Amino acid sequence: HDARRPARLDGDGELVVLEEQDRSRWNRAQIAEALPLASHALKQRRDGYALQAAIAAVHCRATQPEDTGWAEIVQLYGELERLQPSPVIALNKAVAVAMAEGLRRGLDMIADMRELEDYHLLHAARADLLRRLGQHKNSAAAYRRALELVTNTSERRYLERRLREAIFSS
């Protein structure tokens, strides 16, 4: 995660989501050091930390967003969810499923997550998937709900920007 830190904010200090990060700004030396460690940890023990490291490693191996091994991430989140069941892990898995198996499938999984109704990232994820499907009005509604719940200033600005884009696209 630390290797990606330089790309997490743009020149104005605004949040840059993983998919939009300039991967040339990632610290490749740190990644090269960490990848074998993550692999070794996963072979030694398949606990929560090793699985989370493996998920981060899959992201780091992708030199472009479209090269991300989403099917592998789905499998790793499935294991993590069995070991440490939690609504947030289920949400992360649903997003990975959307990227690997189809946006609608991910949205269907998210629709069943009532326990996260007051969690801004549930609504942000829903909004993003709807945006990708071209459902801008529904996306805008989900961004509005996320904005009602978010407390982090940089995340708020990001969501506001996405909301403006959704409204403009409607």
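A crossing is called left-handed if the near helix is turned anticlockwise from the far one by less than a right angle, and right-handed if clockwise. This is a predicted model: local features need pLDDT of at least 70, side-chain atom pairs count only at pLDDT 80 or more, and totals for chains, interfaces and linings use all residues. Residues are numbered from 1 along each chain as its sequence is written, and side-chain values use heavy atoms, with hydrogens and water left out.

**Exercise 1.** Work out how α6 and α7 pack, and what their crossing is.

Step 1: Helices are DSSP runs (H or I, at least four residues), numbered from the N terminus; α7 covers residues 136–149.

Step 2: You get about 160°, with the axes of α6 and α7 8 Å apart.

Step 3: Angles over 145 degrees count as roughly antiparallel, so α6 is roughly antiparallel to α7.

Step 4: The crossing of α6 and α7 is left-handed.

**Exercise 2.** Do the packing of α5 with α6, then list who makes the contact (heavy atoms within 4.5 Å).

Step 1: α5 (residues 103–111) packs on α6 (residues 120–132) at about 155°, axes 10 Å apart. That makes α5 roughly antiparallel to α6.

Step 2: α5 passes α6 in a left-handed crossing.

Step 3: From α5, the contact uses Leu 103, Gly 106, Leu 107, Ile 110 and Ala 111; α6 brings residues including Leu 122, Ala 125 and Arg 126.

Key: Axes fitted to C-alpha atoms, helices over the stretch in contact; angles between N-to-C directions. Helix = DSSP H or I, 4+ residues; strand = E, 2+ residues; numbered from the N terminus. Parallel < 35°, antiparallel > 145°, perpendicular 65-115°, else oblique.
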